[in-house]
Amino acid sequence: MSMRESLLQAMHLSPESDTLRWLGDRGIGVADEDTMSRAIHDVYCGIQADHQHPNEKDRLQARALLAAIQKHGVAPG
């Protein structure tokens, strides 16, 4: 199940809902380890990378970033 499908299901939204577009328009992104590692690979490895897909380093960085986002996302103020 894709991240989009998971979010729609968790929020009890129909596939036609504009909620995800609304979130994106306000700078809110939704990611899991897979999507975050692909984003890290795209941004930091870029087109000159010696590998075509996210590697273990990208996945480790994704887990660390997600943990930090979750920590700050639930912390008060």
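1. A word on the ground rules. This is a predicted model, where local features need pLDDT of at least 70, side-chain atom pairs count only at pLDDT 80 or more, and totals for chains, interfaces and linings use all residues. Residues are numbered from 1 along each chain as its sequence is written, and side-chain values use heavy atoms, with hydrogens and water left out.

2. Start with aspartate 58, which sits in helix 4 (residues 56–74). Helices here are DSSP runs of H or I with at least four residues, numbered from the N terminus. Aspartate 58 counts as buried because its relative accessibility is 3%; buried means under 20% relative accessible area, exposed over 50%, and partly exposed in between, using a 1.4 Å probe and protein chains only.

3. What surrounds aspartate 58? Leaving aside neighbours within four places in sequence, aspartate 58 is in contact with Ser37, Ile40, His41, Cys45, His51 and His53, where contact means heavy atoms within 4.5 Å. A polar atom of the aspartate 58 side chain also lies 2.9 Å from the backbone nitrogen of asparagine 55.

4. Arginine 59 pairs with glutamate 56 at 3.5 Å, N to O; the two are 3 residues apart in helix 4, so about one helical turn separates them. Glutamate 56 also meets arginine 63, at 3.1 Å. Arginine 63 is partly exposed, with a relative accessible area of 35%. Salt bridges that share partners join Glu33, Glu56, Arg59 and Arg63 into one network.

5. Another salt bridge links arginine 21 and aspartate 18, 3.0 Å from N to O. Arginine 21 is exposed at 55% relative accessible area, whereas aspartate 18 is partly exposed at 47%.

6. Finally, look at histidine 12, in the loop between helix 1 (3–10) and helix 2 (19–25). Histidine 12 has a positive phi of about 55° although it is not a glycine. With a relative accessible area of 76%, histidine 12 is exposed.

How values were computed:
A polar contact is a pair of N or O atoms within 3.5 Å; within protein, one must be able to donate a hydrogen and the other to accept it, and residues adjacent in sequence count only if both atoms are side-chain atoms. A salt bridge is a side-chain nitrogen of Lys or Arg within 4 Å of a carboxyl oxygen of Asp or Glu.
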